[in-house]
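Biologist: Hi! Could you walk me through this model? I have a few quick questions.

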Amino acid sequence: MNASVNKPKFVYVVYIAATSEKVWQALTDAKLSERYWEGARVESDRKVGSPFALKLKRTDKDIVGTVLEADPPRRLAFTFQPRQIGRAHEAPSRVSFDIEPHQDQVKLTVTHDGFEPGSRVFEEISGGWPFVLSNLKGFTETGRVLSYQDSACAVETAAS
Amino acid sequence: MSKPSFVYVVFIAATPEKVWHALTDAKATAEYLSGFHVTVDKRPGGASQFKRGDQVLNQGEVLVCEPPHRLSITWRPEQDEFSGEKPSRVTFDIEAAGGGQSKLTITHGDFEPGSKAALVVGEGWMRVASSLKSFVETGIGMNLLSQVEGANA
């Protein structure tokens with residue numbers, strides 16, 4: 001218990017009015033993730049040991065990793081390593097998504113840990129996840145996404 | 001430190017004014033709190049109460065009221081399991097986040113050392129924040145009671 005005190009850990013819980021399958025799909029489908037995940041395409045076959053990547057328009061900002069656990073539509077865990085300069089030297093951290101159904105909604109818990117003390121990646125993800133997960137919830141419930149560039153305005157409407 | 005603090009951030013596709021209304025208007029809170037509601041006398045020193053019907057579950061006093069950006073209240077639970085605990089403090093910060101969006105930060109801190117309430121408020125705030133966001137964006141809140149397994153409706 002005490003050993004964890006100095007090891008940074010990020011946990012975020014959000015309830016989403018949707019099925020587990022729909023949330024799983026949003027978290028693992030490139031075309032869907034691109035909409036709400038700040039443009040990132042999730043690329044993975046969701047098999048343990050396979051690569052897991054968040055592909056961005058600028059490849060030097062990609063996040064790469066390996067699938068550690070996959071139990072659709074309940075749990076996905078993978079390693080997380082940014083390629084970006086200034087972060088790439090850090091050891092990979094670990095992300096897990098846990099999806100629990102609660103009647104008419106699901107509880108999504110995102111746990112991101114395994115950081116080195118003083119990790120720069122930890123600071124960045126602590127600011128990043130609340131936006132991405134807020135956006136995932138809104139997108140899943142309404143089909144609309146938040147704008148994430150300062151210059152962009154108004155909530156986009158899904159083109160579906 | 002023996003005073004743990006809970007911080008939760010959620011982005012909402014609505015203006016700070018709309019988020020403020022949803023947080024502080026009794027009728028609006030009833031729409032997404034599944035049978036509970038909040039009353040706030042929106043001025044420093046005013047009373048705030050979290051209620052189910054006439055039953056007060058926790059109450060406090062307004063410390064800061066700066067519509068639509070900041071509300072800070074003391075928070076004293078009235079339930080037996082937390083009785084005797086000193087009031088803690090809850091602050092809602094609502095910032096404009098571009099494009100008519102808001103960033104809502106809920107901070108709950110200043111618990112007394114060993115507080116039992118400090119251990120459980122986080123779960124509650126995450127449920128409330130999720131339901132508040134759904135309500136503001138879609139007009140329909142979430143069923144908070146279905147989030148708690150074994151809860152009595």
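Modeller: Happy to. Let me start with a loop: P68(B) sits between β4 (55–66) and β5 (70–77) of chain B. Helices (H or I, at least four residues) and strands (E, at least two) are DSSP runs, numbered from the N terminus. The model is predicted, so local features need pLDDT of at least 70 and side-chain atom pairs count only at pLDDT 80 or more, while totals for chains, interfaces and linings use all residues. Residues are numbered from 1 along each chain as its sequence is written, chains are lettered from A and ligands numbered from 1 in the order in which they are written, and side-chain values use heavy atoms, with hydrogens and water left out.

Biologist: Is the peptide bond from P67(B) to P68(B) cis or trans?

Modeller: That bond is cis, with omega near -5°.

Biologist: And what joins P72(A) and P73(A)?

Modeller: A cis peptide bond, with omega about -5°. P73(A) belongs to the loop between β4 (63–71) and β5 (75–82) of chain A.

Biologist: Ok, backbone angles next. What is phi of S34(B)?

Modeller: Near 50°, which is positive in a residue other than glycine. You'll find S34(B) in the loop between α2 (26–32) and β2 (36–40) of chain B. S34(B) is partly exposed, with a relative accessible area of 22%. Here buried means under 20% relative accessible area, exposed over 50%, and partly exposed in between (1.4 Å probe, protein chains only).

Biologist: What about R46(A), what phi does it have?

Modeller: A positive one of about 60°, although R46(A) is not a glycine. The residue lies in the loop between β2 (41–43) and β3 (51–55) of chain A, and it is partly exposed at 34% relative accessible area.

Biologist: Switching topic: how many helices and strands are in chain B?

Modeller: Chain B has 3 helices and 7 strands. From the N terminus on, they run β-α-α-β-β-β-β-β-β-α. The radius of gyration of chain B is 15 Å, close to the 15 Å from the globule rule for 153 residues, so the chain is as compact as a globular protein of that length. That radius is taken over C-alpha atoms, and the rule is 2.2 Å times the number of residues to the power 0.38.

Biologist: How much of chain B counts as buried?

Modeller: 48% of its 153 residues. S48(B), in strand β3 (residues 47–52), is a buried example, with a relative accessible area of 4%.

Biologist: Which residues is S48(B) in contact with?

Modeller: Leaving aside neighbours within four places in sequence, its contacts (heavy atoms within 4.5 Å) include T39(B), V40(B), N58(B) and I73(B).

Biologist: Where is D104(A)?

Modeller: In the loop between β6 (93–102) and β7 (105–113) of chain A. D104(A) is partly exposed, at 45% relative accessible area. Apart from neighbours within four places in sequence, D104(A) is in contact with A17(A), A18(A), N143(B) and S146(B). The C-alpha atoms of D104(A) and A18(A) are separated by 6.9 Å, though the two are 86 residues apart along the chain.

Biologist: Last one: which residues touch the most other members of the largest nonpolar core?

Modeller: Y36(A), W37(A), F97(A), L108(A), W129(A), L104(B) and W125(B), in a core of 77 residues. Its largest share, 10 residues, comes from helix α3 (residues 117–138) of chain B. A nonpolar core is a set of buried Ala, Val, Leu, Ile, Met, Phe, Trp, Tyr and Cys residues joined through side-chain atoms within 4.5 Å.
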